[in-house]
Amino acid sequence: MTGMAEDTADTAEDTNAPVAGDPRARRRGQGELEAQVLAVLQHAPGPATAGWVQERLDGDLAYTTVMTILSRLHAKGAVSRSRSGRSYLWQASSDAAGLAALRMRRVLDGEPDRDAVLASFVTALLPHDEELLRTLLDSAVAPAPDREG
């Protein structure tokens, strides 16, 4: 009887299943899967099926997980889709930076005191980021050059 228990324990240790502390067991951060799916779509030669996306993602994601991510990206406006028979073809309409900007805008839109949130955000920026933001804002509000004449 003890030999059987030892064999079972040895077998359990020999499995390839991820365990706590194993890098394969790491959970992805919020938005990481969305960014990965978006990157795959950006490198696609054209509109792609969810199955095509699933094949190109690292790891063993279920088809339903890929579909959920694609649907969320579609709701955010980061991907577009068109019917192809009974399924959809998906295409990136935003890049990773655009997706991050959408998330930032959604957070800002959900706050009752928008001015306070923006002021707090700006005062917490690193000097280089603050200068970049100032440059971007200045170029966004600069009047267009007069094209007559």
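This is a predicted model: local features need pLDDT of at least 70, side-chain atom pairs count only at pLDDT 80 or more; totals for chains, interfaces and linings use all residues.
**View 1. Helix H5 meets helix H6.** Let's start with a pair of helices: H5 covers residues 96-109 and H6 covers residues 114-123. Their axes come within 9 Å and cross at roughly 135 degrees. Angles over 145 degrees would count as roughly antiparallel and 65 to 115 as roughly perpendicular, so H5 and H6 are described as oblique to each other. On the H5 side, look for Met104, Leu108 and Asp109; on the H6 side, their partners are Arg114, Val117, Leu118 and Phe121. Sorted by class, this contact has five nonpolar and two charged residues, with no polar ones.

**View 2. Helix H2 packs with helix H5.** H2 brings Glu34, Ala35, Leu38 and Gln42 to the contact, while H5 brings Ala96, Leu99 and Arg103. Four of these residues are nonpolar, one is polar and two are charged.

View 3. Find Ser94 in the loop between strand S2 (87-92) and H5. Is Ser94 buried or exposed? Its relative accessible area is 15%, and under 20% counts as buried, so Ser94 is buried. The side chain of Ser94 reaches the backbone nitrogen of Leu99 at 3.4 Å. Leaving aside residues up to four places away in sequence, Ser94 touches Leu38, Gln42, Ala78 and Leu99.

Key
Residues are numbered from 1 along each chain as its sequence is written. Side-chain values use heavy atoms; hydrogens and water are left out. Axes are lines fitted to C-alpha atoms, for helices over the stretch in contact, and angles run from 0 to 180 degrees between N-to-C directions. Helices (H or I, at least four residues) and strands (E, at least two) are DSSP runs, numbered from the N terminus. Angles under 35 degrees count as roughly parallel, over 145 as roughly antiparallel, 65 to 115 as roughly perpendicular and the rest as oblique. Contact means heavy atoms within 4.5 Å. Ala, Val, Leu, Ile, Met, Phe, Trp, Tyr, Cys and Pro count as nonpolar, Asp, Glu, Lys and Arg as charged, and the others, Gly among them, as polar. Buried means under 20% relative accessible area, exposed over 50%, partly exposed in between (1.4 Å probe, protein chains only). A polar contact is a pair of N or O atoms within 3.5 Å; within protein, one must be able to donate a hydrogen and the other to accept it, and residues adjacent in sequence count only if both atoms are side-chain atoms.
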